[in-house]
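Here are some exercises to work through with your viewer open. Try each task yourself before reading its solution.

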Amino acid sequence: MNGKNEIIREFEYFIGPQHPGITGNFSIKLKAKGDVILEAEARPGYLHRGFEKLMEQRHWIKNVPMVCRICVPDPDPNEVLYAMGVEELAGLEVPERAQWIRVMVLEMSRIQAHLSYLGGISGALGLYTAPQWMTGDRDYLLDRFEELTGARVYHIYTTPGGVRRDLPEGFEDRLRETLDYIEKRLTDYYRLIFDNPVFQKRTIGVGTMDPDWAIENGVTGPNLRACGIKADVRIDDPYLVYDQIEFEVPTETGCDMFSRAMIRFQEIQQSINIVRQVLDRMPKGPFLNKPGNPLMWRVPAGDVYVRVESSKGEFGYYIVSDGGVKPYRVHVRGPSMTHGIHVIETLLVGQRVADVSPIMFSLDICPPDIDR
Amino acid sequence: MSLEKEQKVVDLIKVSFEDAEAEIQRERRVKVKVAPNRVFPLVAYLKGNGFKHFVAISAVDWIRDGEIELVYHLWNYDEKVHVMIKTRVPRDGGSMPTLKPLFNQAETYERDIHEFFGVHFEGNEKLDREFILEDWDGPPPMRKDFDTRLFSAEFYDQEDLESEALRLKIQPYKGHLKK
């Protein structure tokens with residue numbers, strides 16, 4: 001080491017826990033020399049609310065309002081997963097219309113989650129117009145959610161046996177209008193974010209991971225597809241009616257932050273196409289197969305693992321029943337459990353302090369699903 | 001509905017692990033029961049046979065049997081089959097070898113289970129570091145005999161604990177005594 005470098009000392013940085021950006025309360029402890037990171041340690045736990053424990057103390061149906069809170073930006077996969085798991089254990093039939101409605105809700109949720117992702121990552125890089133636009137446009141989708149479910153963020157809409165309500169009158173036309181609007185805006189988003197030289201300079205080649213390394217370290221969803229691997233739960237382990245719907249799974253080969261953002265951008269268009277197909281092809285009929293008295297309803301003993309493709313990666317529930325009126329155990333496997341701990345600790349080493357927040361965003365870490 | 005690829009996985013396991021009880025649960029799901037000391041070799045064997053995605057480890061407290069069940073989930077991206085490897089360790093002083101040498105992220109799940117169920121994972125260096133619970137010195141909270149309401153009534157220093165318990169209609173979990 002020459003004399004010039006000796007004055008660069010090692011520092012400890014604490015990022016978080018007060019919302020490092022908008023990802024939720026989460027903290028990363030960094031050891032850095034100058035502003036180059038030598039070591040990173042993820043510290044979750046600020047959002048631990050004991051959902052898994054609480055679920056064991058409540059009747060099967062009473063857990064429905066709780067599960068959506070496990071992931072704030074993309075709550076619907078949780079509701080659908082819990083319902084799918086319970087239905088599989090109980091052998092409960094789901095009316096076909098309800099399955100199509102669930103696909104629609106999941107994809108609407110994906111669009112709004114990807115919009116907040118694009119706003120978040122741009123905001124972390126200092127491009128403040130994007131978050132304003134995204135939040136504004138996302139609100140049109142939240143209006144549709146409010147109309148459909150009565151709530152904007154936590155919908156509590158999917159329950160074991162189907163969905164709580166049918167579509168309101170005229171909903172389909174208004175949803176189509178909203179989709180048309182968002183689709184029209186996609187060109188603007190592209191020019192605003194991906195054509196921006198600052199965005200390109202800060203994201204291309206930053207936060208890269210090797211595709212083989214990504215698979216071995218549990219990277220899933222859009223983050224894996226940004227490494228050129230075509231893996232999607234909707235196709236690999238199909239659920240609901242995804243096997244009857246046509247859509248593309250976009251992949252990118254950059255493995256960096258730019259690719260990860262680009263994947264989400266392309267998925268918005270795919271999700272719009274899926275929702276349109278659902279609106280065209282959804283059959284008429286019943287939407288809820290009620291499981292009986294919620295206080296007395298027993299689910300046969302057994303265990304089941306169900307998974308869906310959420311906007312952040314593979315979301316899975318492992319549900320165990322001992323034949324009682326309450327779940328015996330529910331384990332939530334959130335995508336951030338790997339992305340938010342081991343993957344980010346590895347990716348941050350060698351990066352600069354200014355890139356910590358964008359890298360966190362690019363992986364789409366959702367701390368509540370680590371803490372549960 | 002053909003279950004060919006699932007049967008292939010069951011056969012694959014039975015060739016090398018005769019003591020393992022493998023069965024098909026449904027399409028794309030295979031369950032395997034093995035002894036705790038066979039988990040590491042089985043996961044290593046499956047990893048070499050295409051099960052590259054380590055999904056998670058789940059823990060279930062079977063208090064009536066005095067055991068904690070660990071469920072290792074693996075996924076094969078090529079064959080599209082999910083394998084659940086189940087094993088049981090005693091509740092008191094239960095210990096498992098860590099899977100860190102095979103999959104790095106197993107370390108995270110092991111830290112989680114150590115904190116919430118009190119299972120020890122040999123060879124996991126980060127086990128003693130706080131993960132989710134901060135300054136926690138009570139019993140592992142996800143165990144069935146940990147009563148959340150009783151704990152909060154005690155911890156927050158209720159003056160009249162019994163009347164509070166009566167008001168809340170709480171009872172500590174005693175299901176394991178019925179048998």
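The exercises below go from conventions to sheet, core, helix contact and backbone.

**Before you start**

This is a predicted model, in which local features need pLDDT of at least 70, side-chain atom pairs count only at pLDDT 80 or more, and totals for chains, interfaces and linings use all residues. Residues are numbered from 1 along each chain as its sequence is written, chains are lettered from A and ligands numbered from 1 in the order in which they are written, and side-chain values use heavy atoms, with hydrogens and water left out.

**Exercise 1. Find the order of the strands in the open sheet of chain B.**

Step 1. Collect the elements: chain B has 6 helices and 7 strands. Helices (H or I, at least four residues) and strands (E, at least two) are DSSP runs, numbered from the N terminus.

Step 2. Look for pairs, where two strands pair if DSSP finds at least two bridges between them. The pairing is mixed, and 5 strands line up as β1-β2-β5-β4-β3.

Step 3. Check the ends: β1 (21–26) and β3 (53–62) of chain B each pair on one side only, making them the edge strands. Neighbouring strands are turned by 20° against each other on average, direction ignored.

Step 4. Axes are lines fitted to C-alpha atoms, for helices over the stretch in contact, and angles run from 0 to 180 degrees between N-to-C directions.

**Exercise 2. Which residues touch the most other members of the largest nonpolar core?**

Step 1. A nonpolar core is a set of buried Ala, Val, Leu, Ile, Met, Phe, Trp, Tyr and Cys residues joined through side-chain atoms within 4.5 Å.

Step 2. Of its 86 residues, A:I28, B:V32, B:F54, B:L70, B:Y72, B:V83 and B:I85 touch the most other members. β3(B) gives the largest share, 7 residues.

Step 3. A second, separate core of 80 residues includes A:V105 and A:L179.

**Exercise 3. At what angle do α13(A) and α3(B) pack?**

Step 1. Helix α13 (residues 336–348) of chain A meets helix α3 (residues 106–117) of chain B at about 105°, with axes 9 Å apart.

Step 2. The two helices are therefore roughly perpendicular, a label for 65 to 115 degrees; under 35 is roughly parallel, over 145 roughly antiparallel and the rest oblique.

Step 3. With contact meaning heavy atoms within 4.5 Å, A:M337, A:T338, A:I341 and A:H342 meet B:T108, B:Y109, B:R111 and B:D112.

**Exercise 4. Is B:R28 buried or exposed?**

Step 1. B:R28 sits in the loop between β1 and β2 of chain B.

Step 2. Its phi is positive, about 65°, although B:R28 is not a glycine.

Step 3. B:R28 is buried, at 9% relative accessible area.

Notes. Buried means under 20% relative accessible area, exposed over 50%, partly exposed in between (1.4 Å probe, protein chains only).
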